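Open the model in your viewer and keep the selection panel handy. The tour goes stop by stop.

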Amino acid sequence: MKNAPCNRCSKKFSEKDIYTIQQFQYRQEPNYEWTKEFLNNLEVGEWDSLCEQCMKFYAETSMSAWKKCSKR
Ligand SMILES: [Zn+2]
């Protein structure tokens with residue numbers, strides 16, 4: 001049953017496919033504190049439901065922002 005809407009694109013998906021940014025805790029870099037703050041600025045909270053596509057989008061967005069800022 002598809003009954004959970006994604007916070008970003010509003011697409012409906014089944015509850016077992018929900019992603020949250022808490023998954024980024026397992027990423028080596030950027031570290032989670034940095035990621036969380038970055039995404040909070042984009043108004044994405046730790047408890048927001050995201051579909052797989054939007055999760056990928058935020059993974060890439062935060063990674064490229066991290067690379068830019070670590071080059072400085
Ligand atoms: Zn989505």
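**Stop one: Ala-65 and its helix**

Select Ala-65; the residue sits in helix 2. Helices here are DSSP runs of H or I with at least four residues, strands are E runs of at least two, and both are numbered from the N terminus. This is a predicted model: local features need pLDDT of at least 70, side-chain atom pairs count only at pLDDT 80 or more, and totals for chains, interfaces and linings use all residues. Residue numbers start from 1 along each chain as its sequence is written.

The cut-offs: buried means 20 or more other C-beta atoms within 10 Å, exposed means 12 or fewer, partly exposed is in between, and C-beta atoms are placed from the backbone. Ala-65 and Val-44 are 21 residues apart in sequence, and their C-alpha atoms are 15 Å apart in space.

**Stop two: the helix pair**

Select residues 32-41 for helix 1 and 52-71 for helix 2. Their axes are 11 Å apart and pack at an angle of about 110°. So helix 1 is roughly perpendicular to helix 2, a label for angles of 65 to 115 degrees. Each axis is a line fitted to C-alpha atoms over the stretch in contact, and angles run from 0 to 180 degrees between N-to-C directions.

Show the contact next. Helix 1 supplies Trp-34, Thr-35, Phe-38 and Leu-39, while helix 2 supplies Tyr-58, Ser-62, Ala-65 and Trp-66. Contact means C-beta atoms, placed from the backbone, within 7 Å. By class, this contact has six nonpolar, two polar and no charged residues. Ala, Val, Leu, Ile, Met, Phe, Trp, Tyr, Cys and Pro count as nonpolar; Asp, Glu, Lys and Arg as charged; the others, Gly among them, as polar.

**Stop three: the loops**

Most residues other than glycine have a negative phi, and most peptide bonds are trans. Select Ser-10, in the loop between strand 1 (2-5) and strand 2. Ser-10 has a positive phi of about 65°. Ser-10 is exposed, with 8 other C-beta atoms within 10 Å.

Jump to Pro-30, in the loop between strand 2 (12-14) and helix 1. A cis peptide bond joins Glu-29 to Pro-30, with omega about -5°.

Then pick Glu-43, in the loop between helix 1 and helix 2. Its phi is positive, about 60°. Glu-43 counts as exposed, with 9 C-beta neighbours inside 10 Å.

**Last stop: zoom out**

Follow the chain along the sequence: the pattern is β-β-α-α. The C-alpha trace spans about 45 × 20 × 15 Å along its principal axes. Buried residues make up 14% of the 72 residues.

Key. Angles under 35 degrees count as roughly parallel, over 145 as roughly antiparallel, 65 to 115 as roughly perpendicular and the rest as oblique. Two residues are in contact if their C-beta atoms, placed from the backbone, lie within 7 Å.
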